[in-house]
Amino acid sequence: MESPSASDLRFSIGGPIASWDQHGRWLRIGVRNFWLSPGVSVAGLVQGARVTAIGYQDDATARWVVTQLVLG
């Protein structure tokens, strides 16, 4: 995953983790899936934990990419 471009849509969303795939490095908050950038720590992530995810929607893949994740 690359860094965001100027045209990428930015987001910030908070809530409990509905699903978490450590090997695929993606999680679900509500009904949307988010992929974690390689530099985002996964320490302490478990299903049900409340998080705030900040990132962008990649224009090329339409994936919602998390660049910053805050537990709590």
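G15 stands opposite V51 in β4. The model is predicted; local features require pLDDT of at least 70, side-chain atom pairs count only at pLDDT 80 or more, and totals for chains, interfaces and linings use all residues. Residues are numbered from 1 along each chain as its sequence is written, and side-chain values use heavy atoms, with hydrogens and water left out.

Strands are DSSP runs (E, at least two residues), numbered from the N terminus. Two strands count as paired if DSSP finds at least two bridges between them. Five strands close into a barrel, in the order β1-β2-β3-β5-β4. The pairing is mixed. Neighbouring strands of this sheet are turned by 55 degrees against each other on average, direction ignored. For these angles, axes are lines fitted to C-alpha atoms, and values run from 0 to 180 degrees between N-to-C directions.

Strand β1 spans residues 9–21 and β2 spans residues 26–29. The two pair in the antiparallel sense over four bridges. Within this pairing, W20 has L27 as its bridge partner, and I17 has I29. The β1–β2 hairpin has four residues between its strands. In its turn, R25 has a positive phi of about 55 degrees.

Strand β1 also runs antiparallel to β4, joined by eight bridges. Strand β4 in turn pairs with β5 in the antiparallel sense, over seven bridges. Here V51 stands opposite L71. Strands β3 and β5 run parallel and are joined by two bridges. W35 stands opposite V65 in β5.

The hairpin of β4 and β5 has six residues between the strands. A62 takes a positive phi near 70 degrees there. D58 lies in the loop between β4 and β5. D58 is buried (under 20% relative accessible area, 1.4 Å probe, protein chains only). The D58 side chain does reach the backbone nitrogen of A60, at 2.9 Å.

A nonpolar core is a set of buried Ala, Val, Leu, Ile, Met, Phe, Trp, Tyr and Cys residues joined through side-chain atoms within 4.5 Å. The largest such core has 15 residues. Those with the most contacts inside it are I17, L27, F34, L36, L45, V66 and L69. Two or more residues come from each of β1, β2, β3 (32–36), β4 (50–57) and β5 (64–71).

Definitions and conventions. Buried < 20%, exposed > 50% of the residue type's maximum accessible area, 1.4 Å probe, protein only. Lys, Arg positive; Asp, Glu negative; His and termini not counted. Salt bridge = Lys/Arg side-chain N within 4 Å of Asp/Glu carboxyl O. Polar contact = N/O pair within 3.5 Å; in protein donor to acceptor, adjacent residues only side chain to side chain.
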